[in-house]
Amino acid sequence: MIINRLRRLVENITIPVLAVILGLLASVFFVALANADPIQTYRNLFCEGFGPQGCETFSDLVIIRVEQEDGTSQSFFSPFYGENGHSLAIVIERATILILTALSATVAFKAGMFSIGMDGQLVLGALTAVFLGVWLPKQIYALAGVPDADSAPEALRTIMHLIVPLICILAAMTVGAFYSWIAGFLKVKLNVNELISTIILNSIATQVAIWLIAFPLRSPDPNSTPRTDRIDDTAWLIPFNRVLLPDVEWLEGARVGIGIVFALIALVVIGIYLYRTTAGYEQRMTRGSRLFARFGGIPSDRAAIRAMLISGALSGLAGAIQILGVDRRVVGEFASVGYGFDGVLVAILARESIAGILLVACFYAGLQQGATNLQFGNLPRQLGGIIIAFIILFNSMENFFRSNIARLQSRIRPNRGQAAPESASGATS
Amino acid sequence: MPKAVEMRHIRKFFPSSGVLACDDVNLSVEKGEIHAIVGENGAGKTTLMSILYGLVQPDEGQILIDEKPVRISHPNEAIHSGIGMVHQHFKLVPSFTIAENIMLGIEPNKAGFINSTTEAETVRKLADSFGLPINPNARIADISVGMQQRVEILKTLQRNAQILILDEPTAVLTPQEVHELYNVIRKLAQGGRTILLITHKLLEVKDVADRVSVMRRGRLIGTHNVADVSIRDMANMMVGREVILQVEKKPAQPGDIVLKAENLLVAGSGGVPAVFGATLEVRAGEIVGIAGVSGNGQTEFIEAIAGMRPVEGGNISLLGTDITHRKVRDRRNTGMAHIPEDRMTMGLNLLTNLDENVAVTRYQEEPYSKAGFLQFSAIRSFAQKIIKDYQVKSARVGEEIKTLSGGNLQKVVLGRELDGNPKFIIANQPTRGLDVGSIEFVHKTLVEARDKGSAILLVSVELDEILSLSDRIIVMFDGRIMGVLDIKDANEQDIGILMAGGSLEKDHPAQEKA
Ligand SMILES: Nc1ncnc2c1ncn2[C@@H]1O[C@H](COP(=O)(O)OP(=O)(O)OP(=O)(O)O)[C@@H](O)[C@H]1O
Ligand SMILES: [Mg+2]
């Protein structure tokens with residue numbers, strides 16, 4: 001049993017790792033096209049993505065030697081070396097949203113619903129959060145009879161710090177869930193393909209968002225590009241490096257806050273939901289064979305709708321956390337970044353496994369982060385995208401790899417087998 | 001006789017299930033012969049043939065085709081060596097036409113454009129040359145299973161197969177279709193092709209094969225001339241003990257009415273009515289068999305009773321409760337169990353593991369779940385119990401179910417459905433794909449359930465099975481129930497007349513003469 005599990009684990013890890021290596025190799029072509037040195041480029045990519053400050057070689061990713069003031073030098077285990085901030089902290093910041101959107105996709109996929117509506121749900125969730133984060137505190141100040149935030153009593157502000165974000169988050173989750181429900185309803189009642197309906201819903205949400213940001217919710221500041229007001233400080237999920245852990249240098253520059261805790265909780269809760277509860281069982285059984293689900297008496301329509309609601313709520317949560325914890329306002333381009341689609345890719349790369357999502361989200365976030373910083377060199381930012389695209393391509397060639405590995409094994413083994421048939425068969429009987 | 005196929009010292013171990021599926025197997029098949037392979041469920045028949053077809057790589061061993069050693073590491077290489085295989089579970093594209101399926105991957109094209117007229121023409125010529133008439137433009141989804149099989153065979157012939165592997169080709173066929181298939185096979189063999197035939201129906205082996213190889217637990221324990229062995233010998237060799245081929249049962253003692261269907265109207269797949277006002281009663285402690293040529297409304301009738309198909313008119317009651325429009329779950333809670341015709345898509349979910357498959361009808365009850373949380377230990381022990389009681393070979397709890405052999409999959413379904421004394425059992429082709437030993441066991445189990453007071457509705461394409469298990473037999477033709485026969489008065493001839501739409505009443509002298 002345990003050996004089997006181990007074997008399967010190795011099998012499941014081999015192909016993604018192989019895909020990453022092949023993806024990096026294939027991308028060398030484009031690096032060369034941009035007239036850059038591949039080794040150096042990848043070194044920068046990984047240092048910027050995963051390394052500590054001052055990371056310059058691949059080995060710095062593991063052990064970094066730092067010159068002390070007194071002229072001696074000392075070695076540190078890189079992931080823990082946080083002088084002036086660490087890229088891994090930013091990886092966590094970026095991974096938060098990826099984890100949530102990937103979970104969102106996974107929950108839908110596990111019910112046999114190929115929904116890619118994460119983007120639309122996330123954008124609407126973000127807008128809900130930003131609207132409430134601006135509007136709600138204003139209402140509360142008006143009710144309390146204070147002119148602005150600064151003159152509000154300390155006690156009121158403390159209470160607001162606790163409940164305003166909570167309300168924003170719950171509202172965003174509700175909006176996301178509702179938006180996702182539409183696709184589920186269309187599928188179950190009218191048999192509308194959920195892939196198509198979510199694509200359409202995404203583009204509707206994007207357009208609505210662009211309009212909302214450009215007109216009703218636009219910040220009155222006349223010379224800015226279209227963007228909303230900044231949320232009130234009481235709605236802000238303040239990053240750890242400002243409040244709880246101000247002395248941890250490792251976190252410097254990273255807007256890592258309570259959001260990652262939410263994401264990790266979501267991972268655990270969704271894991272339990274999918275694999276331990278009867279509700280999760282229902283939706284997993286619905287996938288693959290609806291006929292089987294119906295035959296066994298599983299209310300598969302209900303299970304599919306439930307999956308869509310949960311999926312939407314998670315995307316809404318992702319949008320809310322990105323706004324309340326990181327961006328604090330919605331800018332015009334937000335709607336077209338594609339956080340939701342990144343989540344879909346993470347879910348696919350992780351093969352919809354819960355632990356896999358955590359790993360892949362961090363890896364993906366690091367690549368994104370490294371690639372963004374590459375553009376400070378002479379390389380286009382798109383390189384990161386190209387590498388990621390290649391990795392996904394190779395990863396999806398799973399069957400090709402599997403059959404070739406099997407074939408390879410059979411090429412090697414028969415010779416061995418024929419060389420010593422007696423001993424081999426003797427061992428088994 | 002030159003040898004068409006020789007497999008030497010083939011060994012295959014599946015680490016994931018811990019099964020030695022082929023253990024030093026030596027098989028030799030002469031050119032132009034029909035060679036049957038028989039053996040218990042999970043004996044390794046499909047695996048051995050998959051190795052020959054390049055779908056599975058052996059750990060050890062050698063394959064010779066036409067007395068030359070070959071290495072077959074992919075079905076393409078098998079096809080290249082002139083081997084074709086028709087699988088236990090068909091692999092056709094339902095939304096494609098017959099011609100498109102046959103020509104899949106080898107389409108005649110001009111600059112990349114497929115010419116569907118030539119495609120259809122090629123296929124028609126091919127079919128005619130083998131005397132296997134088909135309509136190349138019909139879609140797979142619309143044709144009968146027997147026809148689909150013909151398409152699979154033509155597909156291999158189009159690829160010029162000289163060695164044809166058929167994995168349980170008759171399991172899903174009606175007797176008429178079986179007859180036609182064997183004519184085709186004989187003709188192909190006479191034309192010099194070599195046929196490898198896996199089957200559980202020993203009568204057919206006697207009927208059509210020249211030689212037979214028996215497999216048991218991964219070993220090939222002998223090859224015989226069919227003329228030299230009896231059916232009983234074969235059964236005993238397979239199972240390793242004496243098999244009782246006859247069902248032993250006492251006369252039924254029917255009790256109260258359990259299921260009642262009145263004037264049922266049910267639509268078929270295309271929306272056209274398939275069942276016209278069928279009325280039926282099944283009592284506790286009896287087995288009612290439904291006989292009929294496939295496609296005369298039995299499937300629709302059964303599915304309506306099971307809740308898998310809406311009822312357009314009439315009503316159904318189970319133990320006094322009106323269930324006409326109730327959901328499957330309500331029906332099951334009232335006491336229904338259902339062994340479906342199609343285990344691959346309806347009976348099981350092949351994407352998941354054994355535990356999850358056996359839990360499907362019970363996951364909401366204690367002890368299998370508590371307060372919305374699954375209780376794995378209870379589910380596990382239930383799975384364990386099925387594995388033990390039904391001798392599901394090489395199954396392990398928590399393992400993926402798709403690696404089980406066809407017959408073992410069927411046993412999982414049987415175990416799940418028959419456990420816990422259901423009051424009403426729908427058994428649609430309950431022994432499809434089972435070996436003789438398992439058939440004996442399932443028949444015994446069904447009779448036992450009857451004697452404990454279950455009402456059983458049995459559907460089978462095997463008239464033998466209907467005759468030996470049922471206490472009453474109803475015959476369907478063209479969506480209507482043509483007659484109900486008590487087993488004491490039933491004989492094959494009468495049933496045959498009813499199945500063909502005739503009538504048994506004496507005041508039709510014209511028919512009696514005919
Ligand atoms: N891919 C696989 N992985 C693990 N085990 C397998 C796999 N394929 C087959 N087996 C196991 O090998 C054994 C032989 O299976 P096989 O399908 O060859 O049986 P069979 O003789 O065709 O039986 P049946 O009459 O039921 O179809 C079974 O116990 C099965 O569980
Ligand atoms: Mg088989």
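## Disulfide

A disulfide is a pair of cysteine sulfur atoms within 2.5 Å. In this predicted model, Cys47(A) and Cys55(A) meet that cut-off, with their sulfur atoms 1.9 Å apart. A disulfide is a covalent bond between the sulfur atoms of two cysteines. The count over all chains comes to one disulfide.

The torsion about the S-S bond of Cys47(A) and Cys55(A) is about -55°, so this disulfide is left-handed. Cys47(A) and Cys55(A) are both buried.

## Other cysteines

Cys362(A) takes part in no disulfide. The cysteine sulfur nearest to Cys362(A) belongs to Cys55(A) and is 17 Å away. Cys362(A) has a relative accessibility of 26%, and therefore counts as partly exposed; buried would require under 20%, and exposed over 50%.

In chain B, Cys22(B) has a relative accessibility of 0%, so Cys22(B) counts as buried.

## Extent of the interface between chain A and chain B

Chain A contributes 35 residues to the contact, and chain B contributes 44 residues. Between them the two chains bury about 3500 Å². Of this area, 54% lies on carbon and sulfur atoms.

## Polar and charged pairs across the interface

Two salt bridges are found across the interface of chain A and chain B. One of them joins Arg284(A) to Glu356(B), where the closest N and O atoms are 2.6 Å apart.

## Elements on the chain A side

Which elements of chain A give two or more residues to the side that touches chain B? They are α1 (2-33), α7 (258-276), α8 (278-286), α9 (290-296), α14 (398-419) and α15 (421-428) of chain A. The element that gives the most is α14(A), with nine residues.

By residue class, the side of chain A that touches chain B divides into 13 nonpolar, 12 polar and 10 charged residues.

Methods. Residues numbered from 1 in each chain as written. Chains lettered and ligands numbered in written order. Predicted model: local features only at pLDDT ≥ 70, side-chain atom pairs only at ≥ 80, totals over all residues. Heavy atoms only, no water. Buried < 20%, exposed > 50% of the residue type's maximum accessible area, 1.4 Å probe, protein only. Contact = heavy atoms within 4.5 Å. Buried area = accessible area lost by both parts, 1.4 Å probe. Salt bridge = Lys/Arg side-chain N within 4 Å of Asp/Glu carboxyl O. Helix = DSSP H or I, 4+ residues; strand = E, 2+ residues; numbered from the N terminus. Nonpolar A, V, L, I, M, F, W, Y, C, P; charged D, E, K, R; others polar.
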